[in-house]
Amino acid sequence: MTVNRQWLLARRPTDKAVREDFEYRESEIPDASNLAPGHVLIRNQLFLHAPTMRNWMDPASNSFYPTVGIGNPMLATSAGVIVKSNNPRFAEGQRVTAITAWEDYTILNADVWPVRPVADELSLVEAQGPVGMNALTAYMGVVHVGRPKPGDLAVVSGAAGSTGSIAGQILKILGCRTIGIAGSQDKCDRLVSELGFDVAINYKTQDVEKTLREIAPEGVNFFFDNVGGDMLQAVVENIAKFATIVLCGQIAGYNDGVPVPGPRNMMRLIYGSVRAEGFLLGDFEEQIPEGTRQILEWIRAGKMVHREDVRSGFDSLPDTFSDLFTGSNDGTLMVVTDEEARTRP
Ligand SMILES: NC(=O)c1ccc[n+]([C@@H]2O[C@H](COP(=O)([O-])OP(=O)(O)OC[C@H]3O[C@@H](n4cnc5c(N)ncnc54)[C@H](OP(=O)(O)O)[C@@H]3O)[C@@H](O)[C@H]2O)c1
């Protein structure tokens, strides 16, 4: 490769991000002849589409989100290989996952940004799939944040997606009864037949609040929420005494430019002595080896399945990103820009 292909943020989207919000540029490969201490040059080979990247396209606000400057490469979760290193923790040739940008080459300080080595037995697709950021988020959210009890009635929103599908399977492994919410009949069928949910609710054709009242009259003990807004409201209206709500994401509001409102009826949480807790995967850096080991063990034992939706081509990055918001991704959505990312070394 002789140039550094990049997708720059050209303007701030006002709704779903579209191709016109980005500008394609070819620039020189960054000069890595004098890397500062701690810095590495990464050749990106795969990009994971994460819904929260839509938040990073918004203007700087008083939120916690990082903001991408207009004219800068779009920040992205990625996987690739270290081609030059001035960091004793990373040798040249080491494959890594990282937060880099929509570009072929990125220089960053690996002591400041999250850069994680990829085990030899995994392809880069596997490193961002079954044991990638979303699977680990599901593990941390269920096991370390929520800590459900066997027998709990657990609900997962965004249940057919990358994070939700793993959260639901972990809840089942831990002995919970599980209800998954998703946006099509196909996905709902798969929740039950493939992912082991006891019941599925299609939020596009069913009234979630009413359906939950009918199928779970004793109330919901545990809620893993990827969506927020109306979905959170519907579960709060059905929440059981001493329940736990794990706030993982609020995708319902990411395209709106304003945060999605919280539940109207907060008194239900007070009278129900309910614990609602938000978290970020980054809070659990130390537990990542444990989560990775455990998920791989469950997969090898046939207790867990994982689905990846892997597309190809640097050119497709802006268009494929919007699939997260139409529900047309079928599992963990990634774009491979070097076919090597699909195979184990
Ligand atoms: N806290 C953390 O550290 C952390 C880390 C990773 C991800 N997350 C969060 O986890 C959630 C899921 O992310 P993911 O990467 O696993 O994506 P994903 O679930 O694989 O894909 C997104 C799915 O969300 C659903 N969706 C989109 N817009 C929606 C809307 N307006 N209302 C209801 N559902 C909608 C769609 O499924 P349907 O067809 O079912 O609508 C879509 O397929 C996001 O909120 C994300 O921000 C949090």
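## Aromatic rings

Ring pairs join W7, Y24, F47 and F314 into a cluster. The structure is a predicted model. Across the whole of it, a search finds 8 aromatic pairs. In one of them, the ring centres of F47 and F314 are 6.3 Å apart and the planes meet at 70°, so this pair is edge-to-face. The cut-off for that class is an angle over 60 degrees.

F47 belongs to strand 3 (residues 39-48), while F314 sits in the loop between strand 14 (308-312) and helix 10 (317-321), so the pair ties together parts that are 267 residues apart in sequence. Are these two residues buried or exposed? F47 is buried, at a relative accessible area of 0%. F314 is also buried, with 3% relative accessibility.

An open sheet is built from 6 strands with parallel pairing, in the order 10-9-8-11-12-13. Strand 10 (199-202) and strand 13 (275-278) are at the edges; each has a single partner strand, so one side of each has no neighbour in the sheet. From one strand to the next, the twist averages 15°.

Strand 13 pairs with strand 12 (residues 239-247) in the parallel sense, over 4 bridges. T244 has R275, in strand 13, as its bridge partner.

## Around strand 12

Helix 3 (residues 133-146) lies across strand 11 (220-225), strand 12 and strand 13. The helix runs at about 145° to strand 11.

One further contact involves a charge and a ring: the charged end of K241 sits over the ring of F242, 5.0 Å from the ring centre.

Key:
Residues are numbered from 1 along each chain as its sequence is written. This is a predicted model: local features need pLDDT of at least 70, side-chain atom pairs count only at pLDDT 80 or more; totals for chains, interfaces and linings use all residues. Side-chain values use heavy atoms; hydrogens and water are left out. Rings of Phe, Tyr and Trp (its six-membered ring) pair if their centres lie within 6.5 Å; planes under 30 degrees apart count as stacked, over 60 as edge-to-face and the rest as tilted. Helices (H or I, at least four residues) and strands (E, at least two) are DSSP runs, numbered from the N terminus. Buried means under 20% relative accessible area, exposed over 50%, partly exposed in between (1.4 Å probe, protein chains only). A charge sits over a ring if NZ of Lys or CZ of Arg is within 6 Å of the ring centre and within 35 degrees of the ring normal. Two strands pair if DSSP finds at least two bridges between them. Axes are lines fitted to C-alpha atoms, for helices over the stretch in contact, and angles run from 0 to 180 degrees between N-to-C directions. Contact means heavy atoms within 4.5 Å.
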